[in-house]
Amino acid sequence: MLLADLGSGALLAALALAGFASVVGLLSGARNLVPQALVARRAFWAAAAAVALASAALEAAFLSHDFVIAYVAEHSDLATPIPLLAAGFYAGQEGSLLYWTLILAVIGGVSLARSGGGRLSAYATGVLAALLTFFLLVLVFVAGPFQLLSFVPADGTGLNPLLRDGGMLIHPPFLLAGFASFGVPFAFACAGLLAGRADAAWISQTRRLALLAWGLQSTGLTLGMWWAYHVLGWGGYWGWDPVENVALLPWLVTTAYIHSSQIQERRGMLKTWNHGLVMAAFLLSIFGTFVVRSGVIQSVHSFAISAIGPWFLVFLGIAVVASGVLLAVRAPLLRSERTLESSVSREGAFLLQNLLFAGLAFAVFWGTVLPLLTQLYNGRAAAVGPPFYERVTGPLFLVLLALLAVGPLLPWRRAGTAWLRTLKWPLTAAVAALAALLAAGVHDLAPLVAAPTLAAAAATSLMEYFKGARFAARLPGSWAGAALRLAVRNRRRYGAYLAHLGIVVAAAGFAGSHFWQQERQASLQPGQSVSVGGYLLTLDSVQSIRSGPTQIQRAVLDLSGGDQLTPGRTVYADFGGQSSTQVAIRSTPLEDLYVVLEDTPGSSTAVLTVFVNPLVGWIWAGAALLILGVVLGSWPGGRRSVEPARAVARRPALAGSRE
Amino acid sequence: MILKWGLLAAVVAVCVGYLVFSATASNAQYYRTVAELKRNPAVGDSRVLGTVQDDVQRLDGGLEVRFTASQDGASMPVDYRGPLPDIFKPGIQVVVEGQIQTDGVFHAKTLLAKCPSRFTVAPTPPA
């Protein structure tokens, strides 16, 4: 009882404080009242502290098995191991909403502390507090995590078997944090417009926040793919399901923004577009939550379909209208300071990249909402599956990769002809890749186009590092020390190129596993074999182990060459006979052998699905590089040095390498 | 200058528009009810939502599955060959894509399980 009272009391206090901070923040921004703005900011911090207290109460309730709280009883039991017990916090709707609110409050609170004073900060406080107020309203009135049962159950019902996995500890927190953190750049974008400021300070602040949200979302999406691949056992990692699509949408839009913001930073152009992107990313994350929770679009994923749907729809409507009006009213302020001098320039490349990402976002959005649109249009829902998305996004991703090979070499403002010489390395790499594929006997058009493009993009990204290393060699002191200092001083540039390289490596993984996946189903008796892609698997035996309410079946398979693989399947009697699969994966740098035990009829036969998934490991490696690049590029503090940029600028051929 | 930006944007928009339009035209499938499909089986591929009945049979050593799918009182036999989702069992809802062939059986090319609407089961009071 105590923890429930503490938690719901803290949420009520947070709601009152956030509502107060919102009104006072917006008023003090409008009238430029400095002391009142500070009051609003402090109220926001107090609200954040109250949300943290409520979160701590829920966590404590899980750890102390306080089953009188319905949410705790539904998402844990006495047998749940402690790490998963702690993860019960965000295993269901109410808790994940509280987690979302917590992230918004913490990241918002920290960014307000760093935002200095002034009207921008006052307005940002007001907008952030308004967002927080909305989530707290839902937590207090609709989806309370501290609702009590009328009895105290002896034990909880436990975490759903699909969630009993290490991935549960890391995937949802990152994805939800990514979703939540899009609210912070949104608040600063609104504040900039309200305060009539769209200058350099605004852009550097918003850019950093957007990069943080983007990094969190990138991590969350990667972990989601990793989880789907290792736990769900369908041989793939991305199914273009609405729930996945809506998580991708804000990521696509923010990818556009972190590039186009550089045009605004350097050239004072595209201000309206940039504001629109930041706002769209947040609105799409709210749209995503609405889609997932309201059940308006059929999805394979299971989520609680609940009363919060209409609340999110109303909130989304208000936010869309407010953002649109704000952009329209402030349009004169956002006029470009300069114009585009030439399409063949860094600005032109960024612009094309932006348009392509906007196109991707539109295509994914279209495919996701098509059932709704067709239902409205002719009263009957139609849907599209993965082939739609592959056909639309494939060519767009290919053009983007080509742009990744060329864009970073282009100089700002206007490219002459000198930069063309820098194309020789990407072109060499492309020709080499093409020759290698032809020599290997590949005749399909798609890989023959994709692989050289990838090679060229990789060469461009690596070239920047070679140039840096060469420059470091000419500096005094040891080469390694100089190279490290150079990388740290120019971390934003080297971080960006590391992220580019990560994208290329991951894209190679996506392409390889898409074009060359092999799949075979087989029903084996002991002693029988199945052969897939050069692997020969022989069934040794089928084992069945019972432990309490769960029944574990395992197939012991001998792989030619000596290894053993044991895919399994666990059936949970206490979850209505639901089963979960334990995929056996044997990874090498070039391919994964992926074996799923589908069924064991007659307790000696094993029905298996065997996949050979080429280059899947590259996806995880590429994502790791990308995230490393984001961390390096956004590491705070220090002054940016311009040394290498100046040095290369002296050589006209390499002038394009300036960031 | 505005013209230059606009031209680039227009070219990209036309290309994306064409891709989206053509892919929608060739891939979109209508959701149909079991009753509709039984009245008019020759409509090409459809998506059908139905509840799996108790008569699930595994054929061909477990590689193929045959069951009856019901929706609002109408039902039809479904045949599917391929990997089944973990939660597949009688009583759950599935979305099948495919068509009714001359044998009167709906041959599904894909089978997706609609997960239960909640990830949880209700706690029970102590006895």
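Domain bounds here come from an automatic or database domain assignment. The model is predicted: local features need pLDDT of at least 70, side-chain atom pairs count only at pLDDT 80 or more, and totals for chains, interfaces and linings use all residues. Residues are numbered from 1 along each chain as its sequence is written, with chains lettered from A and ligands numbered from 1 in the order in which they are written.

Start with the domains. Colour chain A as domain 1 (1-159), domain 2 (165-326 + 379-384), domain 3 (398-516 + 620-657) and domain 4 (518-616). Now select domains 2 and 4 of chain A. Their centres, taken over C-alpha atoms, are 37 Å apart. Four residues of domain 2 of chain A contact ten of domain 4 of chain A (C-beta atoms, placed from the backbone, within 7 Å).

Next, select 346-378 of chain A, helix H13. Helices (H or I, at least four residues) and strands (E, at least two) are DSSP runs, numbered from the N terminus. Zoom to A:Val369. H13(A) bends there by about 55°, the angle between axes fitted to the seven residues ending there and the seven starting there. A proline, A:Pro371, follows within four residues. Just past H13(A), A:Gly379 has a positive phi of about 75°.

Last stop: the open four-stranded sheet of chain A, ordered E2-E11-E10-E9 with antiparallel pairing. Strands E2 (518-524) and E9 (584-587) of chain A are at the edges; each has a single partner strand, so one side of each lacks a neighbour in the sheet. Select E2(A) and E11 (residues 606-614) of chain A: they pair antiparallel over seven bridges (pairing needs at least two DSSP bridges). There, A:Arg520 sits opposite A:Val610 in E11(A).

Methods: Contact = placed C-beta atoms within 7 Å. Expected span 1.5 Å × (residues − 1).
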